[in-house]
Amino acid sequence: MARSRWIHRLRRPVVRAAGPGGDPEIEAYRQQRHTPHRESICNAPSTNLYFQADGTAAPCWLYYPWRPPKWSPERSIADIWNGPELTKVRTALAEQRFIGRCSECEHDMRTGNEPLAAAYDNDRPIGAWPTMLELELSNLCNLECVMCNGLLSSRIRKNREGLEPLDVPYDETFVDQVTELLPHLHELRINGGEPLLQPLVHLLGERVAEHRPDLRVTIATNGTVLNRKVRQLMETCTLHFNISIDSLQAERYEGIRVHADFAKLMANVAEIHEYCRANDRTLCIMVNPMRENWDEMPEFIRWCDERDLPVWFNTIRSPQELALHSLPKADLDHIVSTLEAADLPDPVTFIAERNDGIYRQLVHQIATWRDEASTRGSSPTSTPVTLRSTR
């Protein structure tokens with residue numbers, strides 16, 4: 001494929017850090033990072049582009065400029081990559097300044113919690129092109145999960161929010177631009193709504209199969225869609241999977257993942273797990289700890305350890321009536337003490353040892369919220385609830 005005008009414009013100067021800022025907490029975080037690239041306190045804006053379903057772009061899903069750049073046929077991926085919005089955040093982080101919602105990662109670094117910035121620490125090169133794209137190509141989704149919203153679910157947007165369909169700008173032109181980037185990518189991450197339902201995802205999969213069948217493609221899915229088209233994608237691309245499961249109890253799971261069928265999910269997980277084992281691919285179980293399901297987190301560790309599957313716990317910030325962080329101190333203290341007292345098996349494999357560390361990170365994060373709740377007082381985020389459990 002001939003290079004078009006936009007790819008020639010993709011080169012940019014690499015921003016270099018001014019050096020450590022002398023802050024002991026931040027410097028301690030910097031030194032333990034799992035990357036050789038420590039010049040900037042966060043590598044996301046120098047390695048990654050995240051596109052939301054409405055076309056807006058950012059270095060990650062957390063930080064969006066006040067007026068975020070937006071992809072359109074008139075503003076290409078290259079224009080966004082080289083544009084003032086990303087240049088601003090690159091410069092700030094290289095100088096160890098946390099602007100906008102980057103302050104949330106700063107807070108996690110200072111409290112000993114895993115920041116989102118750590119997800120972009122690796123040994124991939126930092127240079128003229130992004131090495132990873134994270135794409136939400138549509139909000140088309142078959143579920144109405146209780147913690148989700150219309151930007152990520154077409155059914156929620158229609159039924160719960162009562163809004164017109166989301167104006168999604170992506171088309172074959174966008175796929176053409178991603179195709180030109182494929183030689184420079186180390187990973188392509190495709191996120192929600194439910195990507196395996198979306199025609200543009202399958203078109204992009206055809207391009208990847210043709211030009212970069214070796215490229216790591218990580219699909220974040222609710223696990224309910226596994227049909228002929230998906231299996232073809234599994235055969236022609238190097239697919240890895242992140243499957244979201246928020247309960248191992250059928251009734252509770254179906255109450256959280258509205259319109260999902262637990263038995264079908266488990267059958268699909270088993271098939272995808274076998275595919276991953278047979279083809280040396282990864283399958284990670286993603287869990288959203290909330291007020292409804294927090295007591296199941298030890299069971300997820302046991303379940304994943306038995307299957308030699310890695311687990312990851314996401315952080316739910318909203319809606320606040322479902323989130324853990326906004327609970328009163330007494331409730332958070334109860335959660336921490338319960339999770340700390342859980343009888344977990346000693347890890348005997350590499351993945352089990354990793355899962356044990358992930359679990360400890362979760363407990364530490366909740367303990368941080370507990371300690372902060374003591375100074376929060378009666379702020380609006382402190383919403384007393386009755387902690388629910390079906391056990």
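Two strands pair if DSSP finds at least two bridges between them. Strands (E, at least two residues) and helices (H or I, at least four) are DSSP runs, numbered from the N terminus.

This is a predicted model, in which local features need pLDDT of at least 70, side-chain atom pairs count only at pLDDT 80 or more, and totals for chains, interfaces and linings use all residues. Residues are numbered from 1 along each chain as its sequence is written, and side-chain values use heavy atoms, leaving out hydrogens and water.

**The sheet.** An open sheet holds 8 strands with mixed pairing, in the order β2-β1-β3-β4-β5-β6-β7-β8. β2 and β8 stand at the edges with a single partner strand each, so one side of each has no neighbour in the sheet. β5 and β6 pair in the parallel sense over 6 bridges. Isoleucine 219 has phenylalanine 241 in β6 as its bridge partner.

| Strand | Residues |
|---|---|
| β2 | 57-58 |
| β5 | 216-221 |
| β6 | 238-244 |
| β8 | 311-313 |

**Helix α13.** α13 packs on the sheet and touches β7 and β8; contact means heavy atoms within 4.5 Å. Buried residues (under 20% relative accessible area, 1.4 Å probe, protein chains only) of α13 include Phe300 and Trp303.

**The cores.** A nonpolar core is a set of buried Ala, Val, Leu, Ile, Met, Phe, Trp, Tyr and Cys residues joined through side-chain atoms within 4.5 Å. The largest has 85 residues; Phe51, Leu188, Phe241 and Ile245 touch the most other members. Helix α15 (residues 350-376) gives the largest share of this core, 8 residues. A second, separate core has 20 residues, among them Cys60 and Leu116.

Definitions and conventions: Buried < 20%, exposed > 50% of the residue type's maximum accessible area, 1.4 Å probe, protein only. Axes fitted to C-alpha atoms, helices over the stretch in contact; angles between N-to-C directions.
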